[in-house]
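Biologist: Could you walk me through this one? I'd like to start with the helix packing and then move on to the charged pairs.

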Amino acid sequence: MTYQQLSVDSIPEYLSDIPEIGKIFSDFKHLKVSEIGDGNLNFVYLVTNRDRPRESAVLKQSVPYLRIIGKSWPLPKERMSIEIKALQKAAAWCPSHVPDIYHYSHDMCLVVMQDLSAHGVLRGRMIEGKVFPKLADHVSTYLAETLFHTSDLYLDHRQKKELVAEFINIDLCKITEDFVFTHPYERNQTNVYNPELNEVDLNFIHLDCDLKIAVADMKRKFMTETQALIHGDLHTGSIMANTEETYIIDPEFAFFGPMGFDIGAILGNVLMSYFSHEYRQIKLGREPYSYRKWLLDTVENIWNYFVEKFNRLWMEHEVSRKNLYWDYEYGEEHFKCQREIYLQNLFQDSLGFAACKMMRRILGLAKVADIADIEDNKERAKIERMTLQMGKKLVTERTQFHTIQEIIELAKDLSPLK
Ligand code: SR1
Ligand code: MG
């Protein structure tokens, strides 16, 4: 089928011709279709059977341009092929945290998948101050399973390199190179600033030599390290969750890149939520302590659980393949040292990437609602300044941090937990 951009009106007919979709909807006469996407790139539709509301699915289609900007910014619609393949890879290792795929079409640049609308987008729920007790456990499982099993630690040398080639994602990586690692740190016309941020605030970032060099170094890592198949955009808007279940969606930015980019994305986004709730919890009429404590615990647990799970996968794998490399008198101890060095480097990478992901949301084009939707610009600027301070310290001093607890203390120094 040749590509055509679907609409609310054309989706029922399109779906009715697909045999797999016949298993989801018992009839196609009364389908209700609504556009629910609030993302920056694609169109997302919720399809429900009016007669049987439990019959539902989500259809996501890419268009040949960047939605947040419009048709003036062309972007290959074939990016959906990467998303489809990345969903399949993630599902192979971590099925409980990836939506079920009912149908996909590379020609139509679309995927039809499990409706998770009852779960809610994590960012929105966190803005409302909802607690997700299993989030750290689930996210750390997703990270450990997907990153370990797509790295050289697990894959056969040939398979890994073939996969690197299969997941080359030139155009979406370029968006990240520009909007995460370049434009926010220069006076670029695409940047959008809170009018309450003044020249001193901007120069705090734009004129800092150490920061510019450190960010450029993170960009080099992003562009050159093919450590694992990463999600590539793992912020809290790419997670659907309720108190029991967590799903990771939207891997259109997936490619073989540095693992720390995914870990840093989620840590940075939870830290931004922590800062935002210095204001938001008061606005919600709550005492801020308990929610913000949960957010910091989540940051700490995501990293600590990840280390535990990643280590376990790695050790089990070495045992299962009876690797001779560590099979000598002190081998076990030496293997432990190797894992510690690997995870220490990964920790410091994650901090550097978390920093870039935080600063870009304050200075760049694409914001996070947690902070940007604070209507009082003066209050918003306070949160933005602490985010920038944290970002600057994390990226410039990343090699001096050794434990996640130090990061929690830094967040508390900037925004006391009381
Ligand atoms: C200009 S596109 C902005 C952002 O939207 C996506 O979610 C990615 O984070 C991208 O950088
Ligand atoms: Mg997305």
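This is a predicted model: local features need pLDDT of at least 70, side-chain atom pairs count only at pLDDT 80 or more; totals for chains, interfaces and linings use all residues.

Biologist: At what angle do helix 9 and helix 10 pack, and how far apart are their axes?

Modeller: Helix 9, which covers residues 259-283, packs against helix 10, residues 289-320, at an angle of about 165 degrees, and the two axes are 8 Å apart. Because of that angle, helix 9 runs roughly antiparallel to helix 10.

Biologist: And is the crossing of the two left-handed or right-handed?

Modeller: The crossing of helix 9 and helix 10 is left-handed.

Biologist: Which residues meet there?

Modeller: On the helix 9 side they include Met259, Ile263, Ile266, Leu267, Val270 and Leu271, and on the helix 10 side the residues include Leu295, Leu296, Val299, Ile302, Trp303 and Phe306. Taken together, the residues of this contact divide into 16 nonpolar, four polar and two charged. Glu278 of helix 9 and Arg292 of helix 10 are among the residues that meet.

Biologist: OK, switching to charges: how many salt bridges does the structure hold?

Modeller: There are 30 salt bridges in the structure. One of them pairs Glu252 with Lys60, where the closest N and O atoms are 3.7 Å apart. Glu252 sits in the loop between strand 10 (246-248) and strand 11 (255-257), while Lys60 belongs to strand 3 (residues 56-61), so this pair ties together parts that are 192 residues apart in sequence.

Biologist: Are those two buried or exposed?

Modeller: Both Glu252 and Lys60 are buried.

Biologist: What about Lys221, which residue does its side chain meet in a salt bridge?

Modeller: The side chain of Lys221 meets that of Asp349, with an N to O distance of 3.1 Å. This pair also links distant parts of the chain, since Lys221 is in helix 8 (residues 209-224) and Asp349 is in helix 11 (residues 331-363), 128 residues apart. Lys221 and Asp349 are both buried.

Biologist: Which residues are joined into one network by salt bridges that share partners?

Modeller: Lys60, Glu83, Asp250 and Glu252 are joined in that way.

Biologist: Last one: where does Arg398 lie, and what is it in contact with?

Modeller: Arg398 lies in the loop between helix 13 (377-396) and helix 14 (404-414). Leaving aside neighbours within four places in sequence, Arg398 is in contact with Ala214, Asp217, Met218, Gln348, Leu351, Gly352 and Lys393. At 10% relative accessibility, Arg398 counts as buried.

Definitions and conventions. Residues are numbered from 1 along each chain as its sequence is written. Chains are lettered from A and ligands numbered from 1 in the order in which they are written. Side-chain values use heavy atoms; hydrogens and water are left out. Axes are lines fitted to C-alpha atoms, for helices over the stretch in contact, and angles run from 0 to 180 degrees between N-to-C directions. Helices (H or I, at least four residues) and strands (E, at least two) are DSSP runs, numbered from the N terminus. Angles under 35 degrees count as roughly parallel, over 145 as roughly antiparallel, 65 to 115 as roughly perpendicular and the rest as oblique. A crossing is left-handed if the near helix is turned anticlockwise from the far one by less than a right angle, and right-handed if clockwise. Contact means heavy atoms within 4.5 Å. Ala, Val, Leu, Ile, Met, Phe, Trp, Tyr, Cys and Pro count as nonpolar, Asp, Glu, Lys and Arg as charged, and the others, Gly among them, as polar. A salt bridge is a side-chain nitrogen of Lys or Arg within 4 Å of a carboxyl oxygen of Asp or Glu. Buried means under 20% relative accessible area, exposed over 50%, partly exposed in between (1.4 Å probe, protein chains only).
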